[in-house]
Amino acid sequence: FSFNNLFFPRHLDVPISNAIALAESPFSLDDLPSVAQLADACRVLHDGGVVAHPTETVYGLGVDPFQPQALERLLALKGRDAAKGFILLIRNTTDLDRVADMPSPYAQRLMHHFWPGPLTLLLPARKGLSGYVTGGRSTVAVRYSSSRHVAMLLEAWGQPLVSTSANYAGDPPLRDGGAVADRFGSRVHCIIPGCCQPGALPTTIVGFDDHGPKIVRQGALTARMLACVLPSQTG
């Protein structure tokens with residue numbers, strides 16, 4: 001099965017130059033990471049290190065989701081409970097097909113209306129995906145970000161990326177690279193410069209059961225926004 005058989009927004013598979021133009025971000029081209037910075041970040045990820053990067057909400061800490069040692073390093077860095085799992089950032093349907101099985105019609109509709117954007121969906125996880133990513137559950141949290149920085153990093157990296165908020169567990173998330181450097185020091189191996197939108201809310205997380213979609217965490221997208229797409233289905 002391939003997700004390309006599903007009805008997704010066209011921009012999910014457009015070239016990176018067009019995807020960047022679609023991103024909802026106030027940055028100018030001068031604010032975006034250079035080719036050299038992206039290459040450094042990819043080398044760090046390949047070696048199992050931690051990369052800090054801006055998103056449209058807060059700064060994220062990213063690692064390779066297919067390297068268990070990298071996932072363990074990220075858990076230790078944040079002091080995070082492994083049972084919580086991680087969010088995976090994707091850049092296209094190929095990435096989605098690699099980490100998730102076929103989503104429900106409800107999920108497909110939310111993808112069409114709200115991706116790219118601050119929406120994380122809990123989808124059926126592909127067999128073999130690390131328990132550190134899924135938290136030991138049968139689902140995986142997936143997001144298609146509208147951030148230009150994320151779009152460029154994912155295009156350079158070429159596969160899904162674990163991304164979790166840049167903070168110690170229980171602390172407020174950080175919103176600029178300088179604060180990340182001050183907080184984590186050399187334990188973060190690469191920081192892509194940039195800032196996040198002031199006051200931006202975190203992503204809304206939506207799961208699914210036999211009755212339809214359910215909001216797991218309220219964020220930038222409200223129940224009312226979702227209900228406009230799925231009337232009387234979101235609780």
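Begin by selecting phenylalanine 184, which lies in helix 8. Leaving aside residues up to four places away in sequence, phenylalanine 184 touches Leu61, Leu77, Ala166, Asn167, Tyr168 and Leu174, where contact means heavy atoms within 4.5 Å. Phenylalanine 184 counts as buried because its relative accessibility is 2%; buried means under 20% relative accessible area, exposed over 50%, and partly exposed in between, with a 1.4 Å probe and protein chains only. Alanine 166 is 18 residues from phenylalanine 184 in sequence, and their C-alpha atoms are 9.0 Å apart in space.

The model is predicted: local features need pLDDT of at least 70, side-chain atom pairs count only at pLDDT 80 or more, and totals for chains, interfaces and linings use all residues. Residues are numbered from 1 along each chain as its sequence is written, and side-chain values use heavy atoms, with hydrogens and water left out.

**Helix 8**

Now select residues 177-184, which form helix 8. Helices (H or I, at least four residues) and strands (E, at least two) are DSSP runs, numbered from the N terminus. Gly177, Val180 and Phe184 are buried in helix 8. Seen down the axis of helix 8, these buried residues fall within an arc of 55 degrees, so they line one face of the helix; the arc is that of the directions from the helix axis to the C-beta atoms. An α-helix has 3.6 residues a turn, so residues three or four places apart point the same way. Show next what covers the buried residues of helix 8, including strand 1, strand 2, helix 3 (68-78) and strand 7.

**Helix 2**

Move to helix 2, residues 35-46. Its 12 residues should span 16 Å at 1.5 Å a residue, and its end C-alpha atoms are 16 Å apart, which agrees; the expected span is 1.5 Å times one less than the number of residues. Which residues of helix 2 are buried? They are Leu38, Ala41, Cys42, Val44 and Leu45. Down the axis of helix 2, the buried residues fall within an arc of 160 degrees, so they line one face of the helix. The covering of these buried residues includes strand 1 (51-53), strand 2 (60-63), helix 7 (148-157), strand 6 (161-165) and strand 7 (190-191). Turned away from the buried side is a face that carries the exposed residues Val35 and His46.

Alanine 39 is in helix 2 and counts as partly exposed because its relative accessibility is 29%. Leucine 153 is 114 residues from alanine 39 along the chain, and their C-alpha atoms are separated by 9.0 Å. Arginine 43 is also placed in helix 2 and, at 49% relative accessibility, counts as partly exposed. Between arginine 43 and cysteine 190 there are 147 residues in sequence and 9.5 Å in space, C-alpha to C-alpha. After helix 2 comes glycine 48, with a positive phi near 85 degrees.

**A cis peptide bond**

Go to proline 116, in the loop between helix 5 (105-114) and strand 4 (119-124). The peptide bond from tryptophan 115 to proline 116 is cis, with omega near -5 degrees. Most peptide bonds are trans.

**The largest pocket**

Where are the residues closest to the centre of the largest pocket? The pocket has a volume of about 790 Å³. Of its 36 lining residues, Arg80, Ile87, Thr164, Ile205 and Arg217 are the closest to its centre. On a 1 Å grid over the protein atoms alone, a pocket is an open set of points where a 1.4 Å probe fits, with protein on both sides within 12 Å along at least five of seven lines, and lining residues have an atom within 4 Å of a point. Grid points are joined across faces, edges and corners, and a volume is the space filled by probe spheres set on the points. Strand 5 gives the most to the lining, with four residues.

**The whole protein**

Buried residues make up 51% of its 235 residues.
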